[in-house]
Amino acid sequence: MSRVTTHPKVTSFRPPETGDFAFTEASWKEAEFALAKYPEDHKASAVMPLLWIAQRQNQGHLTRAAIEYVAQILEMAPIRVHEIATFYTMYNLEKPGKVQLQICRTTPCMLRGADDILAAVKTKLGIDDGEVTEDGLFSLMEVECLGACCNAPMMQVNNEAYYEDLTPEIVERLIDDWRAGKTPTPGSQQGRAGSEPEGGPTVLTDVQDYGAADGPYANGTFVPAEVRRARAAAAQADNEAGTSSDKGSS
Amino acid sequence: MRNSLVTRLYTRRHGIHVGEDQFGNQYYRNPNAHRAPGLLSSSEKRWVLYNGAPEASRVPPAWHAWLHHITDEPPADGGVPDRKPWEKEHAPNRTMTAEAYRPPGHTLRGGKRAKGTGDYEPWLPS
Amino acid sequence: MPTLEIDGKEVTVPQGVNVLQACEIAGHEIPRFCYHERLSIAGNCRMCLVEMERSPKPIASCHMPAQDGMKVWTDTEMVRKARRGVMEFLLINHPLDCPICDQGGECDLQDQAMAYGFDRSRYEENKRAVPEKEMGPLIKTIMTRCIHCTRCIRFAAEVAGVEEIGAVGRGEHMEITTLEQAIDSELSGNLVDICPVGALTSRPYAFSARPWELRKTPSVDVMDAVGSNIRVDTRGRDVMRVLPRLHEDVNEEWIDDKTRHACDGLRRQRLDRPFVRNKKGRLEEATWDEAFTAIAKRLKGKTGEQVGAIAGDQCDAESMLALRDFMGTLGSPNLDCRQDGAKIGQGARAGYLFNTTIAGIEEADACLLVGTNPRREAAMLNARLRKRFLKGGFKVGVVGEQMDLTYQTEYLGAGPETLQQVADGKHPFAETLKNAEKPMIVLGQGALAREDGAAVLALGRQIAESFGMVQEAWNGFNVLHTAAARVAGLDLGLLPGTGGRDVEGILQGAETGEIDTVYLLAADEFDTSRLDNAFVVYQGHHGDAGAHAADVILPGAAYTEKNGTYVNTEGRVQLGRLAGFPPGEARDDWSILRALSAYTGQALPYDNLGQVRQKLIETADTFARIDQLAPAEWEAFGTRGKLGGEPFRSPVANFYMTDPISRNSETMARCTEAFILPKREATGTHG
């Protein structure tokens, strides 16, 4: 293992059984980036990024060989890496579907109807929590709070895209889209920009009336760039949806 | 020791004879016995007159069930089904008698013990 | 020195202890499962909760450093309620199988449930069930009983130094596992001791006895030269198990697997009656009288030069003294206790002792291991080296075989030439030794039991002197023995007298016929076929190599069957005690020699153990100091000579089988099969 350095030996353990798993060149690039963050004799700190890289390379799940391969790179005892890989829920030990639906069911989402969303997905796909559809396209997972409570209920797809403001109908439509090979636009599914209130801002609209002090918001016209972009995107999506539905009806 | 005089008098006055088992024990009941309400057997009093010494283990299981209000009917009337062919004949407790069980190695069974776990395997020249 | 108040009483404790230890110092026992004095603190069982002033919640005392001015209560209603709650949670998933559990009677959970357990269960859901795990031939697992204290994980990673056991999953789904591999550690038996419940139990001992029916005898181990303190548990005369006994300076509270599990070898292949070879050449059962008469008849008219004696590796000092005195009555100088032919013993006592002492290793800051594999030869000593290594600032150099000692070592070379380079200061490691304040050197039997052993010993002495290893109050020169009897034998002078032959000489003499009679005192560790021409008397406890070559067999006692004195590699005199009587007609070894001496004409001058021990002290006054170490004088030893070119090899190839007892042990055979044979096949070497 010439690409990584060694650290002092403090225990003895059996050599890892890596099977035929090995990092691709692209994975190595990411792995080296992760390894560079830590001192040489503390390179075990890079275990979580490396597992993540291995999981991505291996179609979203970790095999025993992949886990032990990471152990070999980091010169850790294989059992230590197994402990980490089995502890964290975002490391999948079984192959997930191409579209991993991760539905939040923590209190705010639950109050806004996460249970209905979950039930709708379960009946639509015919799978239970932690299972994969027979065609290998979908897998379902209940997760805890993902920090998008203002847009509850929500779900995360493939660990990155947030789909918010869901209703059972919307979720079914989304699933149909994925089935048809499309990728629906992430974000609020009910036309909200970010986590703004529906229909635009409702507070701090009358700053001038109170003779507000100076500052970018003083005259009520300044809108931060992020918000501007989000509004534009939402408007465009609305337009497209409107035109397409018009076409469909005519 | 026989059944006491009081028991025999009570049996003559109130006892309704129910049946007899293979050992000759006689079973009686008194449906009108006044017992405290709420007791398990408040409805009826059931008892046995032993044929011989009073020894509770002489009551066979089927009659034991009736006697203890486990079944409503005595064995003959369908209380407890008949003995299966593979079941052994009931035998009273034999402790303190000549037929009592004695474990292997007991002094009265010759006192020959099986080898204990403390034994070792000696080396023998080949 | 913080002063704190515990249950209203002021107590001053050393800096750095935690509240739990402070409570112990104050005399309050705190219940605990995960906390262990010799392991890192986990704080996950929550059983050690105590109440502390200004803390709204009870605190985990094992995890809280004792501070000045703390006020702690260990027995308030809040504490009791908290502990009862913890206990109820622990018992939620613990099965109610105490009647069939091997830990029953010595179970921490059982004991503490007596104090804090709720008398019925409020839990109506299904209990958790966990599949059993494979952990090798020594450890049996019933993982449903596990309460996740993680002591086993910490012991394996910290003390044993093998990271092969861990916890996978999280929360209720957490499981302790080795990924179905046997734990390849020579200290794995200790996992059973530290497990507070019956999740890890001893596989060889499974379902064989209950702790309350065993008689406990404190004794000393003879499987290696460390002299671990053990407790022998017997039922009748049968040794059921061996457990460690606390001795901070020797084995702390651990013992290695051979010490612990070789005891089932005491049941097999025992010599329990005398045998004499008849005219047809077959061994025949005999009475003691016939056996002694046969020996006396053979010895009649022989000169001392025609008789030789070799003492074995597990003999007690008493029997070796008797052998020496017996040979003295025959006028024979052919006497040796160094079966492996190590060139030690001539010269000062410091030349064959582990002078640093085992506890002294913790003060050293550099170590040179020469021709030894402490992990196989003295596992407890290796654990001490590892403990020192983990403290940091400890460099270990190795001359000899390449090996994995569980900690980092610097491999210097294979043979004497590397050692010479170090001595001459030409090797980079010499710099490390020079800069160290308390350096030490360990010479193993692999470096001494060879042709040039005396020269290696002299070279070791030269290194010790030139690198400042011998200072006032520090002696870094060490010889690591593999035989429990060796130091006692050398102390008693079981060495060739003037003009006498050593082991090799006796064997050669036996081949040529110059030696007529050889007396083997439990000596099996050499090629006994070379004794074919001689009349061999074998006195010992197992039918091993020596017995097969013998013409007269005298059944002796094994180490659990006699009151014996042993001297470990440090020169520490310790007493082993009789735990069960020897089998059949076997007798105490010294008394056999005493009885035999009466037949050969000159009876030895002692009739009971007290008199033998008196004679021991007269012979070597170190025997008067039981369990006390006195530094040995630094005087002359070793002879300079030509060094050979052969690489050093550790004398112990198979840790699990080194002596007649462990060779006859079924458990050790299973360990050999599980741990030693696969490695040989994999590497193709005899390591």
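According to UniProt, in an unreviewed entry, residues 78-117 of chain C carry the feature "domain: 4Fe-4S His(Cys)3-ligated-type". The structure shown is a predicted model.

**Annotated span in chain C**
- Residues 78-117 of chain C are 60% helix and 0% strand.

**Largest pocket**
- The volume of the largest pocket is about 1300 Å³.
- Its lining comprises 48 residues, of which E106(C), V192(C), D193(C), R241(C) and L243(C) are the closest to the pocket centre.
- By class, the lining consists of 21 charged, 19 nonpolar and eight polar residues.
- Helices of chain C that each supply at least two lining residues are α3 (108-116), α5 (190-194), α6 (257-261) and α21 (666-683).
- Strands β9 (200-202) and β12 (238-244) of chain C likewise each supply at least two residues of the lining.

**Helix α3 of chain A**
- Helix α3 of chain A spans residues 64-74 and is mostly covered, with nine of its eleven residues buried.
- The buried residues are A65(A), A66(A), I67(A), E68(A), Y69(A), V70(A), A71(A), I73(A) and L74(A).
- These buried residues pack against three helices of chain A, namely α1 (25-35), α2 (47-57) and α4 (78-87).

Terms used. Residues numbered from 1 in each chain as written. Chains lettered and ligands numbered in written order. Predicted model: local features only at pLDDT ≥ 70, side-chain atom pairs only at ≥ 80, totals over all residues. Heavy atoms only, no water. UniProt positions renumbered as here; feature names shortened; annotations may be inferred. Helix = DSSP H or I, 4+ residues; strand = E, 2+ residues; numbered from the N terminus. 1 Å grid on protein atoms, 1.4 Å probe; cavity = no way out; pocket = protein on both sides within 12 Å on 5 of 7 lines; lining within 4 Å. Points joined across faces, edges and corners; volume = space filled by probe spheres on them. Nonpolar A, V, L, I, M, F, W, Y, C, P; charged D, E, K, R; others polar. Buried < 20%, exposed > 50% of the residue type's maximum accessible area, 1.4 Å probe, protein only. Contact = heavy atoms within 4.5 Å.
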